[in-house]
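This briefing goes through a single structure by topic. Please keep the sequence and the coordinates at hand while reading.

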Amino acid sequence: MRMRFSNNLSSVPPNKLRPFTQLCSKPTLPTDPLPTPNLPEKTSPEPHSPEPTVARTRVTSESHVLKTLLSHKTDPESALNFFKRVERKRGFVKTVDVLCLLLHILSSSPKSHGVARYLLNNYVFGDSCPAARVLVEHLLECAGRYDFESDSRVFNYLLNSYVRANKITDAVECFRMMLEHGVIPWVPIMNILLTAMVRRGMIDGVFELFDEMIERKVYGDCYTLHVLMRACLKGGRFEEAEKYFEEAKGRGLKLDAAAYSIVIQAVCRRPNLNLACKLLKEMRELGWVPSEGTYTTVIGACVKQGDFVEALRLKDEMVNSGMPLNIFVATSLMKGYCVQGDVNCALQLFDEIVEAGVVPNVVTFSVLIDGCSKIGNMEKANELYNRMKLMGIQPTDFIVNFLLKGFQKQNLLENAYRLLDEAVEHGIASVVTYNILLYWLGELGKVNEAGNLWDKMMSKGITPSLVSYNNIILGHCKKGCMDDAYSVMNDILERGFQPNAITYTLLIDGFFKKGDCDHALVMFEQMMAADIAPTDYTFNTIINGLCKVGRMSETQDKLNDFIKQGFIPTSMTYNSIIDGFVKEGAIDSALSAYGEMCKSGISPNVITYTSLVNGFCKCNKIDLALEMHNDMKNKGLKLDITAYSALINGLCKMQDMESASKLFSEVLEIGLAPNSFVYNSMISGFKNLNNIEAALKLHKKMINDKIPCDLQTYTSLIGGLLKEGKLSFASDLYSEMLSEGIVPDIFMYTVLINGLCNHRQLENAGKILKEMDGNNITPSVLIYNTLIAGHFKEGNLQEAFRLHDEMLDKGLVPDDTTYDILVNGKFKRSHTHAGT
């Protein structure tokens, strides 16, 4: 559309016009295929010319040039030739008005459009170019003064030149000046400007300029839509990208595959997988095959959102469309498999892509090493780690950290130390890397090793974080060194850190576990005074701590206070309270807390039921325990080995070995591994029923299943064998126990001496007594009574009285049973150890 520019700018007096040569320089420009004129060169007035003469010369020269150019107004070629001649004359000074007039003349003919563009490019590329506002105003003033009927060509050329010169701020100003004076930029030029603005990160400006165009009913084309949606992606405004897409679609704009691809990217970033898949389907229905990049984006989003089935379907669709499985899609799918716990499928996919010639990258190895480490397959994780190094891929600190966490799960501390040394050597060990090891050592209570690691970290120039200090506090708390733990808190303050809720909670827990409730509560008061908000874990730690030490009445008061502070009790809270009542033997109070828990809408979990089952078993209410067990099953809760242990132990104590055996078989059927506690309960139960053969079978199964036998296991078995007179077998088991490094305690010695004495093995019983002395274990009155009774029965009165004197020498006080033996020769069997 052609238009006449109105002279809506005030005329600029000639003596106020800036010379053209002061407004531009002559830079080197890209080659232009169009013919180029000689550019005006800057000339200076004679050094000693009087000022009035210079002014008259400039005005006369400009006036003459303008008049002559106007005489060639309809002949752009003649005008250009005149300008080229006059610009070479000495003393001629070119002004912006001259340039503007020439540009308008050149723009009036298609033949000279190229020259006009070239002149503008040279001018705008110059270092001394005036502000865009000034130049636009001159062009507008010139068009109005000389009555040019023109389209917006010269202004669009100017706008394009600013973008080419990377003068985006000037381009934006030029754009706005054009709109202000009714000059509409061409859509392709607008797209070029908007694209440049997106690259410069001027996201808000992009939307502002587009809104100004919309006000003038100019919506742009499909490429404009591309630019706007890319701006939305770069600015994180994903919903707006979708809005622009739908608006363009609603206006009837003919969309292309690229528009769909960009909006799908935005939708995936929201994320809205349903819409992404719908748009992908639309693309295919319109006859377009989504690009590899589009499939990659959607598949990655599906994996992140947990829709792995759809991710696999899209992968198949992508491959069936003739596209190869790229490393990005493959890595996303491997991540999906690992998240689902199917690391083997991830490894299988890895082998397939490598065989197909796809080269894995650092992210691929990171995903697989993390997956293997989480399931404890450290052999494979190490293999992948070494493989990536052989491929020349530098491991990241994330990969090192994944491996360290895996080593921690498998308790492979030496492997972790070797990996740390390697990471330090390659400069990839971060404070997070050290923190993983510091936490590990803290959990183990290895404070000295943690201190050495701390020194190493400091020597490498790595500044400890608050997490580092908290890990050291954890170590001291685990070791029970609360003075040292508290001193670390002071170090935190001295270093300018602010202790957080974790810091205080660790100290509170440490004091509770040491039995120092008062200091634990003081730490909580300090935490509140420091205006540090307690977490739910803090509140639960205090409740659990009070329950562990049996301060149940105080627990309820604290819980009420915490609720007033906004704390909402959880299953962890009620589990602590229920377990506390169970340990006190207050099963009715435990049931009351259970009822309150259910009334509050909190679902009991396995831990809740296990505590109650344990409580019922302790109170010999085995029927209620079994009823609770069935309730768990009906609610779909999977019993853990702790719950089964409590039930089996209760049944064994009730000597109901038939029911205990059924539960033991159930444990094996559902795939749980019975622990030492379960086996010991069963062995003790069979031994108490004098079924030592069944007990020995369980012992054999323990060994086959590599369940460690402990002192309780051997005490029960040896007691049962001695009771049946199988002294040789008992002796073999005792030797086996000693070879395992298990040290006998007072209960084991009581069982041994009682069994030997019952079978008149008084000499061997005496040897056991000497062994106790060698192990610095003081015999009990019961042991001396057993030995005295044995010797008295055999008529060895002298040895019986010697043992009596030995008792006195060891500071033991003979009881009524002792004197009853010595005076009357009677020994009450009810005083013997229950284990026999």
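Contact here means heavy atoms within 4.5 Å. The model is predicted, so that local features need pLDDT of at least 70 and side-chain atom pairs count only at pLDDT 80 or more, while totals for chains, interfaces and linings use all residues. Residues are numbered from 1 along each chain as its sequence is written, and side-chain values use heavy atoms, with hydrogens and water left out.

- Not counting residues up to four places away in sequence, I369 touches A381, L384, Y385, M388, I399, F402 and L403.
- A nonpolar core is a set of buried Ala, Val, Leu, Ile, Met, Phe, Trp, Tyr and Cys residues joined through side-chain atoms within 4.5 Å, where buried means under 20% relative accessible area, exposed over 50%, and partly exposed in between (1.4 Å probe, protein chains only).
- The largest such core holds 273 residues, of which L193 and I369 touch the most other members, and helix α4 (residues 96–107) gives the most to this core, with nine residues.
- Helices (H or I, at least four residues) are DSSP runs, numbered from the N terminus.

- Helix α43 (residues 781–793) has 13 residues and reaches 18 Å from its first C-alpha to its last, close to the 18 Å expected at 1.5 Å a residue, the expected span being 1.5 Å times one less than the number of residues.
- Eleven of the 13 residues of α43 are buried, among them V781, L782, I783 and Y784, and what covers the buried residues includes α41 (746–758), α42 (762–774), α44 (797–809) and α45 (816–824).
- T715 has its place in helix α39 (residues 711–723) and is buried, with a relative accessible area of 12%.
- The side chain of T715 reaches the backbone oxygen of L711 at 2.7 Å, and, leaving aside neighbours within four places in sequence, T715 is in contact with M748 and V751.

**Pocket and cavities**

- On a 1 Å grid over the protein atoms alone, a cavity is a set of points where a 1.4 Å probe fits but cannot get out, and a pocket is an open set with protein on both sides within 12 Å along at least five of seven lines; lining residues have an atom within 4 Å of a point.
- Grid points are joined across faces, edges and corners, and a volume is the space filled by probe spheres set on the points.
- The largest pocket has a volume of about 610 Å³, and of the 27 residues that line this pocket, the closest to its centre are G300, A301, V303, K304 and S332.
- Helix α17 provides the largest share of that pocket's lining, seven residues.

**Backbone features**

- Most residues other than glycine have a negative phi, and most peptide bonds are trans.
- The peptide bond from R270 to P271 is cis, with omega near -5 degrees, and P271 is found in the loop between α13 and α14 (273–285).
- N620, in the loop between α33 (606–618) and α34 (622–634), has a positive phi near 60 degrees and counts as exposed at 52% relative accessibility.
- N776, in the loop between α42 and α43, has a positive phi of about 60 degrees although it is not a glycine, and N776 is exposed, with a relative accessible area of 71%.
- G795, which follows α43, has a positive phi near 85 degrees.

Definitions and conventions
Helix = DSSP H or I, 4+ residues; strand = E, 2+ residues; numbered from the N terminus. Polar contact = N/O pair within 3.5 Å; in protein donor to acceptor, adjacent residues only side chain to side chain.
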